[in-house]
Amino acid sequence: MPIQLAIIGYGGMGSYHANDILTKETCVNVRGCFDIKADRKAQIEADGHYAYASLAELLMDATVEAVLVATPNDSHKELTLRSLQAGKHVICEKPVALSVVDFAEMTAAAEKNQRCLFVHQNRRWDADFLIMRELYQQQRLGAIFQLESRVHGANGIPGDWRRTKAAGGGMLLDWGVHLLDQLLFLVDSPIKTISADFSYILGDEVDDGFVSYLTFANGLKAVIEVGTTNYIKLPRWYAKGVTGTALIQDWDLSGELVLQTDNQTAAEPKPIQAGQGLTKTMAPPSEEATKHVQLPKAPTAEYPTFYQNVYAVIREQAEPIVKNREVKQVLELMAQIATAAQTGETIHLS
Ligand code: NAD
């Protein structure tokens, strides 16, 4: 029996769940949607879904077992609490809350009402991330000691609410939450230090991008960067290991690995003319010493899809893939990044 789901908020993401993600799933059925804006209500009907007249009508619909909250970030907490109190399971869009304290209230309400609370950290299923995770875990580059994860755009901050503090706007909350969730899902080692810098190039009251530099107890150093004023993008992923380097250019999965060969006694690199000088250090490595290798095929996640997992947790008491203690860690890390950016000081954790 599929889970009967109602969607609150039928903007970009709510409608994407309804008309894209969920059309590929048989384990969840969309009962209807609700949006406070009249034009979005009309769109719900135009897309062939039932449009609830009010939130109360949606929450009182006894056939609805679960609710997806896909509204601006500042409304997640209240809508989640109301849905849990109405006896619904809740799937909440990222970032689930604006603070660790708010999230604690939400998880406590889920426990009290004996309902599940899921957070849609969907980028754990991204093919580029899964390739990088496999390279990291299988040590295809030797041990990776430097990982750079970036998303760069040149369109500024989109829309209205993402540009205001009150609505939970800014790029740390918007994209940072994805990149940090991926990083903590990938690296199994405690964070040692955190430093960060926010960008306010566009003059908004919220960050239009940020860079954070994190070090881990296992020696890994990570750069996490989000930019919205980058007319030339840097690669999505760049990783350095002791025996190779990987580059994933973009979500199109272009890129390559360059790996050391067994032939490290081969001829030394020849000096090259570089600008007004000569260099051997910065010359390409000799052809015998390195090989160019295609990126591995994107491994499909070894775990079920997000909604298959939601189904298994609700119906079969399976373990959630996106665990709320992990979500909490990411919220804590975002708060620390904000503090590091505001004070200009490095935070030392261990
Ligand atoms: P959006 O502005 O396109 O849509 C938000 C919709 O919510 C609007 O139609 C608005 O009228 C409606 N709304 C606002 N308050 C409401 C309320 N109280 N009740 C019912 N409807 C209400 O925004 P979006 O881009 O769809 O983002 C929505 C959420 O989805 C945000 O939390 C965002 O971070 C998240 N999101 C997640 C991803 C992802 O990949 N996981 C991608 C984009 C957005």
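Author: The lining of the largest cavity comprises four nonpolar, two polar and four charged residues. Here Ala, Val, Leu, Ile, Met, Phe, Trp, Tyr, Cys and Pro count as nonpolar, Asp, Glu, Lys and Arg as charged, and the others, Gly among them, as polar. The model is predicted: local features need pLDDT of at least 70, side-chain atom pairs count only at pLDDT 80 or more, and totals for chains, interfaces and linings use all residues. Residues are numbered from 1 along each chain as its sequence is written, and side-chain values use heavy atoms, with hydrogens and water left out.

The lining is made by Arg150, Val151 and His152, by Lys233, Leu234, Pro235 and Arg236, and by Gln249, Asp250 and Trp251. A cavity is a set of points on a 1 Å grid over the protein atoms alone where a 1.4 Å probe fits but cannot get out, and lining residues have an atom within 4 Å of a point. The largest cavity holds about 50 Å³ of space, volume being the space filled by probe spheres set on the points, which are joined across faces, edges and corners. One cavity of 30 Å³ or more is counted.

The strands of the model form an open sheet of nine, in the order β15-β12-β11-β10-β6-β9-β8-β7-β16, with mixed pairing. Strands (E, at least two residues) and helices (H or I, at least four) are DSSP runs numbered from the N terminus, and two strands pair if DSSP finds at least two bridges between them. The edge strands, β15 (290–294) and β16 (347–348), each pair on one side only. Within the sheet, β11 (residues 244–248) and β12 (residues 255–260) are antiparallel partners over five bridges, and Leu247 faces Glu256 in β12.

Helix α9 (residues 324–343) lies across β7 (191–199), β8 (209–216) and β16, at about 60° to β7.

Conventions: 1 Å grid on protein atoms, 1.4 Å probe; cavity = no way out; pocket = protein on both sides within 12 Å on 5 of 7 lines; lining within 4 Å. Contact = heavy atoms within 4.5 Å. Axes fitted to C-alpha atoms, helices over the stretch in contact; angles between N-to-C directions.
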